[in-house]
Amino acid sequence: MIDCSKISADSPLLDAKTKETIQGVFAKLDRDVVIKAAVDLKEEKSLEMASFLRAMADLSSHISLELYDPLEQAELGMETDHLPATGLYLDGAYTGVSFHGVPGGKEINSFVIGIYNLAGPGQELSKAAVKKIGRLKRPASVKVCVSLACHHCPGVVIACQRIAMLSPLVEAGMYDANLYPDLVERFKIERVPLVIINDKDAFAGPRSLEDLVQLLMDARG
Amino acid sequence: MGNLIGRAVEDFRVQAYCRGAFKEVDREELLGHWSVLFFYPADFTFVCPTELGDLQDFYEEFQAIGCELYSVSEDTHFVHKAWADASDTIKRIQYTMLGDPAGVLARQFGVLVEEDGQALRGTFILNPEGRVKAYEIHDMGIGRNAAELLRKVQAAQFVEEHGDQVCPAKWKPGEETLTPSLDLVGLL
């Protein structure tokens with residue numbers, strides 16, 4: 001494990017006002033969440049992410065941070081081919097929620113809300129939606145490809161990750177497509193948000209949580 | 001001539017050459033499906049067959065997405081036939097080649113160079129209502145790319161179906177991380 005104390009918590013991505021707002025949200029957390037990230041500190045984006053995560057972890061006593069060098073091959077549970085890769089963990093277990101790339105721009109919202117949904121009271125969700133998520137029977141891996149300037153994207157990331165939090169069969173990662181040309185090439189990404197299920201089916205545009213659950217039910221394995 | 005986006009194709013009737021035969025094409029034929037009008041300066045030139053052959057290579061893909069192709073030059077349909085008879089590249093073209101010797105179409109779309117009687121390399125994507133959704137106009141010697149045109153038609157179709165609910169993207173790997181834009185209104 002990387003010694004986090006060697007990473008600067010002075011992230012240029014978080015100014016005082018932003019930190020204050022996030023602190024207000026994190027004040028409502030009532031469970032401990034562990035952020036684990038695979039970062040290659042030789043790479044600029046990983047360094048940026050490590051510093052961002054340190055700053056975020058400093059905003060709540062309910063958040064702790066563990067950083068790993070990809071060479072350590074730590075058992076993180078999440079996909080670590082696309083670095084920096086960051087997962088959220090509760091009670092020692094991977095929740096299926098991950099972020100690939102640095103959640104700057106609009107994606108700061110999905111990162112903050114992701115933690116709030118996981119370790120805080122969470123956003124309201126209808127009983128019908130919870131029930132429908134409970135009916136998911138097949139494992140599904142979801143990639144939500146975004147651009148950081150896309151205002152439609154965080155809503156889809158938040159919804160997919162909410163499903164992942166509530167279903168042990170689903171994992172959902174945010175991917176900043178700008179960083180991963182292999183994904184852009186493979187899935188011919190020309191617009192975002194793009195939801196890719198099991199690396200097979202791709203759906204562009206915003207969708208409600210209920211619609212996303214239906215897509216997962218209909219998805220090819 | 002101002003911006004053409006959203007403008008509907010006006011009435012016209014021209015003669016055309018298609019797969020060894022002549023036919024008449026009018027405005028009505030462009031309606032009910034996506035269309036591309038692909039203007040080029042003249043038959044029997046060198047860049048043109050390359051472009052038109054490139055377009056033919058992608059013709060099935062255009063058809064698969066419900067888009068019909070029409071090349072247009074200021075030649076007559078008879079000249080199109082003569083060119084097809086003389087050129088292996090043109091002979092294999094399956095889409096319709098419009099003859100516009102009176103400049104009706106080229107003038108309507110603002111690509112006619114009056115003193116030369118030739119059209120600039122203009123490409124116009126029309127929706128099923130015959131309205132221009134995207135276009136580009138190149139000077140004579142600047143060629144176009146059928147693969148890029150296919151992408152544009154697909155993008156236009158997507159936007160027509162979904163409105164502006166997606167963010168188009170031109171990916172630049174390694175782009176600078178954007179400063180967080182925290183807006184939790186409606187999320188909590």
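Author: Angles under 35 degrees count as roughly parallel, over 145 as roughly antiparallel, 65 to 115 as roughly perpendicular, and the rest as oblique. The model is predicted, and local features need pLDDT of at least 70, side-chain atom pairs count only at pLDDT 80 or more, while totals for chains, interfaces and linings use all residues. Residues are numbered from 1 along each chain as its sequence is written, and chains are lettered from A and ligands numbered from 1 in the order in which they are written.

Reader: How are α5(A) and α7(A) oriented to each other?

Author: Helices here are DSSP runs (H or I, at least four residues), as strands are (E, at least two), numbered from the N terminus. The axes of α5 (153-166) and α7 (209-218) of chain A come within 9 Å and cross at roughly 60 degrees. Axes are lines fitted to C-alpha atoms, for helices over the stretch in contact, with angles from 0 to 180 degrees between N-to-C directions. The two helices, α5(A) and α7(A), are therefore oblique.

Reader: Which residues of α7(A) make the contact with α5(A)?

Author: Two residues are in contact if their C-beta atoms, placed from the backbone, lie within 7 Å. On α5(A) the contact is made by A:Ala159, A:Cys160, A:Arg162 and A:Ile163. On α7(A) it is made by A:Leu209, A:Leu212, A:Val213 and A:Leu216.

Reader: Which element gives the largest share of the side of chain B that touches chain A?

Author: In all, 23 residues of chain B are in contact with 30 residues of chain A. Elements giving two or more residues to that side of chain B are α6 (146-162) and β10 (167-168) of chain B. The largest share, 4 residues, comes from α6(B).

Reader: What is the bridge partner of A:Val192 in β10(B)?

Author: Strand β7 (191-192) of chain A and β10(B) run antiparallel, joined by 2 bridges. The partner of A:Val192 is B:Cys167.

Notes: Two strands pair if DSSP finds at least two bridges between them.
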